[in-house]
Amino acid sequence: MTTVGKYSDEEKVLQYETFISDVLKRDLERVLKQRDEVYEKIAQYVQLKNTIESLKEPEMRGLKTEIDIGRNFYVQAHVEDSSKIFVAVGYGFFVELTHSEALKFIAKKTNQLIAHTEVLTKDSAKIKANIRMVLEGLRELQGLPDGPETKRRDAL
């Protein structure tokens, strides 16, 4: 191999490594962060569902709670009629719903969010596969021996 050929191989290796760190890993972090945010929303809806189910119990007439009035300042509140609640439906909008309507909405919303997490999980798997493919290309370009993973697959 000539020095010109070797230099171009080293340059290609550097470009691939830069692509992995600047593009693929950043994309993976972004997708995983989005998925974590969706999981957080699902957890909030599950918590709301549990709260609504406890409100539906016959001995629950009123509700004592704390309300955030801004900048983490809370006031105590007593709700005498908790038969209807306001549910955040998105984009800053709230809708007054009965308990059964709210539970139906929560079920639909959590199913939608779960489907979205599945898409994000598939996207992260594709990005991870791309990272592995580029790393395999780098290994071949540098003439490194097969890793233990490749040897295991060949043995099967």
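## A first look at this predicted model

D27 and R30 form a salt bridge, with their closest N and O atoms 4.0 Å apart; a salt bridge here is a side-chain nitrogen of Lys or Arg within 4 Å of a carboxyl oxygen of Asp or Glu. This is a predicted model, in which local features need pLDDT of at least 70 and side-chain atom pairs count only at pLDDT 80 or more, while totals for chains, interfaces and linings use all residues. Residues are numbered from 1 along each chain as its sequence is written, and side-chain values use heavy atoms, leaving out hydrogens and water.

**Salt bridges**

- Side chains of opposite charge can pair when their charged atoms come close.
- By the rule above, the count is three salt bridges.
- D27 and R30 are about one helical turn apart, because they sit three residues apart in helix 1; helices (H or I, at least four residues) and strands (E, at least two) are DSSP runs, numbered from the N terminus.
- D27 counts as partly exposed at 27% relative accessibility, and R30 is partly exposed too, at 43%. For these labels, buried means under 20% relative accessible area, exposed over 50%, and partly exposed in between (1.4 Å probe, protein chains only).
- R139 meets E136 in a salt bridge at 2.3 Å, N to O, and both residues lie in helix 2, three residues apart, about one turn of the helix.
- R139 also pairs with E140, at 3.9 Å from N to O, so E136, R139 and E140 are linked in a network of salt bridges.

**The nonpolar core**

- The largest nonpolar core has 22 residues, and those with the most contacts inside it are I20, I52, I85, A102 and I131. Such a core is a set of buried Ala, Val, Leu, Ile, Met, Phe, Trp, Tyr and Cys residues joined through side-chain atoms within 4.5 Å.
- Helix 1 (3-55), strand 3 (84-90) and helix 2 (99-142) are the elements that give two or more residues to this core. Helix 1 gives the most, with ten residues.
- I131 touches I20, L24, K25 and L28, not counting residues up to four places away in sequence; contact means heavy atoms within 4.5 Å.

**The largest pocket**

- The largest pocket has a volume of about 330 Å³. On a 1 Å grid over the protein atoms alone, a pocket is an open set of points where a 1.4 Å probe fits, with protein on both sides within 12 Å along at least five of seven lines, and lining residues have an atom within 4 Å of a point. Grid points are joined across faces, edges and corners, and the volume is the space filled by probe spheres set on the points.
- Its lining has 16 residues, of which L48, T51, I85, F86 and V87 lie nearest the centre.
- Helix 1 and strand 3 each supply at least two residues of that lining, and helix 1 gives the most, with six.
- The lining residues divide into eleven nonpolar, three polar and two charged. Ala, Val, Leu, Ile, Met, Phe, Trp, Tyr, Cys and Pro count as nonpolar, Asp, Glu, Lys and Arg as charged, and the others, Gly among them, as polar.

**Around H78**

- H78 lies in strand 2 (residues 74-79) and counts as partly exposed, at 49% relative accessibility.
- Leaving aside neighbours within four places in sequence, H78 is in contact with G62, L63 and K64.
- H78 and G62 are 16 residues apart along the chain, and their C-alpha atoms are separated by 7.0 Å.
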